[in-house]
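Please read it alongside the sequence and structure shown here.

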Amino acid sequence: MIKRTYGYDTTESHVHLNNVYGVNNYKPLPVVIKKGKGVWVWDIEGNKYLDFLSAYSCQNLGYCHPKVVKAVVEQAKLCGNVSRAFLHDEQGLFMKELANFCGKDAVLPMNTGAEAVETAIKAARKWGLKTKGITEPEIIVFANNFHGRTTTIVGFSTEEHYREGFGPFTPGFKIVPFGDLSALLCAVTKNTVAVLLEPIQGEAGIIIPPNGFLKQIRGVCSTHAILMMADEIQTGLGRTGKLFACDHEGVVPDLYIIGKALGGGLIPVSAVVGNRNILDVFDPGSHGSTFGGYSLACAAGRAALSVIVEEDLCEKSAEVGEYFMTKLREINSPFVKEIRGKGLMIGVELNTKARPFCEALMKEGLLCKETHDMVIRFAPPLVITKKQIDWAVKRIKKVLEVKLF
Ligand SMILES: *Cc1c(COP(=O)(O)O)cnc(C)c1O
């Protein structure tokens, strides 16, 4: 049963608490979630919604997957965090399973996505120094990237709002347009150590690069002996219908950066996965994290990886995603400019602001979040069924076809 706290059992009371005690760095829809199961969440007033955001793809397995819950609860009773000063028995197994999963040798576990990106940046810089003697390393990134919120990472964002007031920033990054091979080639110098990319740009509004671009990046990196670092934090682990979005072009990056769904929606777990010749640049004391790879994280990660395989989530994502896109394309709305996506990572770009549509969808029982003002992102848990898609499309159609204003 839903547990209620006297005096705080309405949406308004919690919106008020957030306004009074919270910091204003998000603009949430006014829905106060109490519990989730699979693709569904329930708010504090007992209303039920289908979640099309999946906590920005953390909930690929669906809310509270029993296998992940069990693994975390059992591990919580055993030891919690013992720190990296000692070993615990989940850590080695997690790293082995994740390395095998990615077809790589070594795993460096962290907690959040941004930390994993920072870890990859540090690895690339030290690798450049150790293997090529580069003392002023440059990393090439793409316009409209999103790699997290640390001061270094926002320093190479092209979104003014992410940067404004937070400088001075870390030097050593070159920004080129996403999808532009010649700009990428022009940006490579003798100091370049890596290219950091999202195979599909999520926060930018589900931007898919031109066909072959990932292969071209791989080619440039191999030719110039620089590292291809794929930020698959959002696109990875089945979201786009393949294990990694790089798989759509048969491309293997030097480093995978993963996070979000890796913790099964319960624990923040991220990792950099690559081969020893790169990750062995770290030695004791050169990098670390108090919670990175702690026992609950490893237990959650192991369970999440096994569910992805056992439940064929990549295949499901591909199949149901294609079905969903077909249904969305049948909607005849004057507001829709473009529908694009891969697997269950779908963006519907409107010719007007998306927020009022997200608010209207919420009233219909669908939770969606606009991204970059004009795009509605549809990224439900990968366990969603075609029947649930039908249920949702009926409501999406209603909202997109009706004249709202
Ligand atoms: C969410 C995200 C990040 C940042 O992850 P955090 O856990 O919020 O630090 C980095 N890169 C991509 C592509 C993301 O989608």
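Accessible areas come from the Shrake-Rupley method with a 1.4 Å probe. On that basis, the accessible surface of the protein chain in this predicted model comes to about 18,300 Å², with 55% of it belonging to carbon and sulfur atoms. The chain is built with 14 helices and 15 strands.

**Overall form**

- The radius of gyration of the protein chain is 21 Å, which agrees with the value near 22 Å that a compact globule of 405 residues would have.
- Taken along the principal axes, the box filled by the C-alpha atoms of the protein chain is roughly 60 × 50 × 45 Å.
- Of the 405 residues, 54% count as buried, and among contacts between residues at least 6 apart in sequence, 73% join residues at least 24 apart.

**The four-stranded sheet**

- Four strands form an open sheet in the order E11-E12-E15-E14, and their pairing is antiparallel.
- Strand E11 (336–342) and strand E14 (369–371) stand at the edges with a single partner strand each, so one side of each is left without a neighbour in the sheet.
- From one strand to the next, the twist averages 30 degrees.
- The antiparallel strands E14 and E15 (residues 375–378) are joined by three bridges, and Lys-369 has Arg-377 in E15 as its bridge partner.
- Helix H13 (residues 355–363) lies across strand E12 (345–350), E14 and E15, and runs at about 40 degrees to E15.

**Backbone geometry in the loops**

- Most residues other than glycine have a negative phi, and most peptide bonds are trans.
- The peptide bond from Gly-167 to Pro-168 is cis, with omega near 0 degrees, and Pro-168 is placed in the loop between helix H7 (160–163) and strand E6 (173–176).
- Ile-206, although not a glycine, has a positive phi of about 55 degrees; Ile-206 is found in the loop between strand E7 (192–197) and helix H9 (213–223).
- Because buried means under 20% relative accessible area, Ile-206 counts as buried at 0% relative accessibility.
- Ala-225 is likewise not a glycine and has a positive phi of about 50 degrees; the place of Ala-225 is in the loop between H9 and strand E8 (227–231).
- With 39% relative accessibility, Ala-225 counts as partly exposed, whereas Ile-206 counts as buried.

Technical notes. Residues are numbered from 1 along each chain as its sequence is written. This is a predicted model: local features need pLDDT of at least 70, side-chain atom pairs count only at pLDDT 80 or more; totals for chains, interfaces and linings use all residues. Side-chain values use heavy atoms; hydrogens and water are left out. Two strands pair if DSSP finds at least two bridges between them. Helices (H or I, at least four residues) and strands (E, at least two) are DSSP runs, numbered from the N terminus. Axes are lines fitted to C-alpha atoms, for helices over the stretch in contact, and angles run from 0 to 180 degrees between N-to-C directions. Contact means heavy atoms within 4.5 Å. The radius of gyration is taken over C-alpha atoms; the globule rule is 2.2 Å times the number of residues to the power 0.38. Buried means under 20% relative accessible area, exposed over 50%, partly exposed in between (1.4 Å probe, protein chains only).
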